[in-house]
Amino acid sequence: MDSLAIITSGGDAPGMNAAIRAIVLSCHKKGIECIGFYHGYNGLIDDDYQTLTPDMVRPIMQYGGTILKSARCPQMHTDEGVKSVVKTLQRHNIKALVVIGGDGSFRGMMALQPHWTGRLIGVPATIDNDLACTDSTIGFSTAVNTATQAIDKIRDTANAFERVFIVEVMGRHSGHIAFNVGLATAAESILSFENCPAQDLAQVKQTLIEQIQTKQQNNHSSFVIVLAENLWPGGPQGLQQALHREAHIDSAVCVLGYIQRGGSPSTEDRILATELAMEAVEAAFTESGVMIGKEQGRIKRSCIIGATEQSKPVDQAIHSVYKLLT
Ligand code: ADP
């Protein structure tokens with residue numbers, strides 16, 4: 001019997017379980033053994049695994065996190081680590097490895113490629129949506145919904161106190177979450193990498209101060225700033241201090257943090273995860289070095305290198321709508 005291995009690696013994302021479920025059920029239908037290795041690449045180094053059966057994965061669709069656990073694996077950056085993974089794959093006679101994760105996890109696959117003759121397939125799962133060759137990654141929709149609901153609640157207290165709120169959202173170094181959440185919550189300001197280049201931050205700050213002062217003079221209302229993580233020097237507190245120091249503007253800071261990574265996956269993420277995972281099993285015995293994505297409603301296979309190396313800019317239409325409405 002052919003064997004296929006799966007890992008979930010790097011930052012967890014809601015919908016990873018839905019992807020595991022679809023892979024296991026799909027393998028079962030095809031008569032392929034499916035082995036899940038625990039804790040990302042660590043499980044492949046430590047030979048920590050479990051043969052997955054349909055019964056094990058039937059009740060997991062609606063849960064965030066991952067039943068296979070996830071982790072970073074520093075050894076993958078060394079030759080010994082990579083060779084140790086290859087030994088485990090060979091020992092179990094694995095024909096294909098499906099990696100459910102983000103761009104770092106896919107770089108791990110690229111490190112394995114020269115040393116292993118089996119097939120390598122990537123299923124994009126990260127809340128950051130920072131992988132090219134797919135309109136959306138698994139977990140992104142849920143993270144945007146979670147942050148939107150949180151900011152709706154913050155808006156209530158911001159309105160009651162006529163306050164300025166700085167809300168930091170995740171995204172690593174891309175603004176997909178910031179822009180989508182900012183638009184969905186009618187944020188007065190979205191500050192992200194795409195519209196705030198590092199050399200222009202002084203000007204961004206000045207414009208922001210003028211916007212806050214104008215809005216507050218005119219209608220005594222709340223002012224919500226959605227701030228992308230890793231953008232502002234000193235983080236949201238750095239921006240808070242700058243607003244106070246330079247314009248006596250008081251603001252409250254709220255870092256949404258890890259709530260964006262957890263929770264029950266949205267319907268969109270469950271369906272996306274299922275579709276991508278089923279195609280991954282189809283691809284696993286004919287192709288290697290591909291990532292499964294979905295663009296403009298169509299499931300497609302793309303070269304893993306392209307998906308990892310290309311940047312994925314925030315949709316221009318979202319930029320334009322934000323500019324028109326603020
Ligand atoms: P994500 O997959 O969410 O982007 P990371 O960037 O933390 O998460 O990567 C997850 C894991 O992938 C790392 O801990 C490491 O084991 C592996 N990895 C990342 N980059 C490389 C690389 N350049 N070479 C080999 N393995 C890598």
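The model is predicted, and local features need pLDDT of at least 70, side-chain atom pairs count only at pLDDT 80 or more, and totals for chains, interfaces and linings use all residues. Residues are numbered from 1 along each chain as its sequence is written, and side-chain values use heavy atoms, with hydrogens and water left out.

The two parts are domain 1 (3–139 + 265–312) and domain 2 (141–261), with bounds that come from an automatic or database domain assignment. Their C-alpha centres lie 34 Å apart, and the contact (heavy atoms within 4.5 Å) takes 15 residues from domain 1 and twelve residues from domain 2. By class, the side of domain 1 that touches domain 2 has four nonpolar, four polar and seven charged residues, where Ala, Val, Leu, Ile, Met, Phe, Trp, Tyr, Cys and Pro count as nonpolar, Asp, Glu, Lys and Arg as charged, and the others, Gly among them, as polar.

The rule finds three salt bridges across this interface, a salt bridge being a side-chain nitrogen of Lys or Arg within 4 Å of a carboxyl oxygen of Asp or Glu. The side chains of Arg172 and Asp128 meet in a salt bridge at 3.5 Å, N to O.

Arg172 is also among the closest of the 16 residues that surround the ligand, each having a heavy atom within 4 Å of it.

| Residue atom (N or O) | Distance to a ligand oxygen |
|---|---|
| Gly102, backbone | 3.0 Å |
| Gly104, backbone | 3.0 Å |
| Arg172, side chain | 2.9 Å |

Definitions and conventions:
A polar contact is a pair of N or O atoms within 3.5 Å; within protein, one must be able to donate a hydrogen and the other to accept it, and residues adjacent in sequence count only if both atoms are side-chain atoms.
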